[in-house]
Amino acid sequence: MVTEAEVWSALAEIPDPEIPVVSVVDLGVIRGIEVEDGRVRVEFTPTFLGCPALETMREQMSHRIAELGAVPEVEVVLDDSWSTDRITPEGREKLRASGFSPPAPRTPDGPKLVQLESKAFRCPYCGSRATALENIFGPTPCRSLRYCRSCRQPFEQFKTI
């Protein structure tokens with residue numbers, strides 16, 4: 001009989017289809033897992049409601065759960081949007097090491113409104129805050145392109161959601 005820990009571990013091996021350096025667990029799209037009577041129910045929320053990788057993620061999760069010998073029930077939950085706050089610390093480090101700049105997580109007692117700051121994004125290569133928005137439209141709707149004025153490297157950032 002499969003355990004919840006085994007399911008979490010198996011899902012942690014599934015790379016995000018668009019950013020393969022992080023898993024679906026690292027990215028924080030898995031909302032919950034329930035294991036009961038040989039069935040595994042997974043709830044997940046995509047990073048973007050119109051995410052083109054939604055079906056791919058669902059299929060990968062179902063396939064991996066079936067490999068464990070359980071019956072998969074993978075449900076997309078759209079009533080609570082994904083936030084960059086859900087990216088794990090390990091996921092943030094993997095993203096940074098590969099040239100992405102996720103926003104810092106918000107603290108529970110911090111401001112709830114989005115504050116526009118021109119120096120809020122650090123370059124993942126040199127750490128400089130001298131970065132500029134190059135293009136609001138990145139390769140997917142949840143990412144933007146930035147440019148570091150110090151080391152002159154382009155990089156991607158997750159939009160603060």
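Mentor: Two strands are said to pair if DSSP finds at least two bridges between them. Please keep in mind that this is a predicted model.

Trainee: What makes β1 and β2 paired strands?

Mentor: β1 is joined to strand β2, residues 39–44, by 6 bridges. The definition asks for at least two bridges, so β1 and β2 count as paired. The two strands run antiparallel. In one of these bridges, glycine 32 has glutamate 43 of β2 as its partner.

Trainee: What is the strand order of the open sheet?

Mentor: Its 3 strands follow the order β1-β2-β3, and the pairing is mixed.

Trainee: Why do β1 and β3 stand at the edges?

Mentor: β1 (30–36) and β3 (71–76) each have a single partner strand, so one side of each is left without a neighbour in the sheet. On average, neighbouring strands of this sheet are turned by 15° against each other, direction ignored.

Trainee: Which strands does helix α3 lie across?

Mentor: Helix α3, residues 54–67, lies across β1, β2 and β3, and runs at about 155° to β3. Helix α1, residues 4–11, lies across β1 and β2, at about 140° to β1.

Trainee: How many lining residues of the largest cavity are charged?

Mentor: The lining has 3 charged residues, beside 6 nonpolar and 1 polar. Asp16, Glu18 and Arg143 are among the lining residues; Asp, Glu and Arg count as charged by definition, so these three belong to that class.

Terms used: Residues numbered from 1 in each chain as written. Predicted model: local features only at pLDDT ≥ 70, side-chain atom pairs only at ≥ 80, totals over all residues. Heavy atoms only, no water. Helix = DSSP H or I, 4+ residues; strand = E, 2+ residues; numbered from the N terminus. Axes fitted to C-alpha atoms, helices over the stretch in contact; angles between N-to-C directions. Contact = heavy atoms within 4.5 Å. 1 Å grid on protein atoms, 1.4 Å probe; cavity = no way out; pocket = protein on both sides within 12 Å on 5 of 7 lines; lining within 4 Å.
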